[in-house]
Amino acid sequence: MEPFNLDFDLHGRNYIIPVSLHHEQGGTFYRATVDDDHSIDYYRQENGALKPEVANVVDPSLINAIATRILEHLHRPK
């Protein structure tokens, strides 16, 4: 899967979030890069949901907004 960008507004702020697919230690996940210091890894669960893994403190509403938009991107009509 090719990397893609998410472009959306949240709480009056415009976000452009690059997302790429990674394979590491037997797992596959989507990495969303918020800025130079913050990224969020989303692991796909059996039920289709995305489970976020966050190394640094990130606004929970931003974590959820990114997950929603990743799923929308993955399930959009082609």
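Mentor: Helices (H or I, at least four residues) and strands (E, at least two) are taken here as DSSP runs, numbered from the N terminus. The model is a predicted one, in which local features need pLDDT of at least 70 and side-chain atom pairs count only at pLDDT 80 or more, while totals for chains, interfaces and linings use all residues. Residues are numbered from 1 along each chain as its sequence is written, and side-chain values use heavy atoms, with hydrogens and water left out. As for pLDDT, the predictor's confidence in each residue from 0 to 100, the chain averages 93, and 100% of the residues score at least 70; among the elements, β1 has the highest mean (97) and β3 the lowest (93).

The sheet is open and has five strands in the order β1-β2-β3-β4-β5, with antiparallel pairing, where two strands pair if DSSP finds at least two bridges between them. Its edge strands, β1 and β5 (50–54), each pair on one side only, and the twist averages 30° from one strand to the next, with axes being lines fitted to C-alpha atoms, for helices over the stretch in contact, and angles running from 0 to 180 degrees between N-to-C directions. Helix α1 (residues 60–74) packs on this sheet and touches β1, β2, β3, β4 (38–44) and β5, its direction making about 130° with that of β1; contact here means heavy atoms within 4.5 Å.

Within the sheet, β2 and β3 (residues 27–35) pair in the antiparallel sense over six bridges, and Glu 24 stands opposite Gly 27 in β3. Returning to Val 34, and leaving aside residues up to four places away in sequence, we find that this residue touches Ile 17, Ser 39, Ile 40, Leu 62 and Ile 66. Val 34 and Ile 63, which are 29 residues apart in sequence, are 9.7 Å apart in space, C-alpha to C-alpha.

With the same exclusion of residues up to four places away in sequence, Leu 6 touches Tyr 15, Ile 16, Ile 17, Val 19, Ile 66, Arg 69 and Ile 70. Finally, the loop between β1 (4–10) and β2 (13–24) holds His 11, whose phi is near 55°, a positive value in a residue other than glycine.
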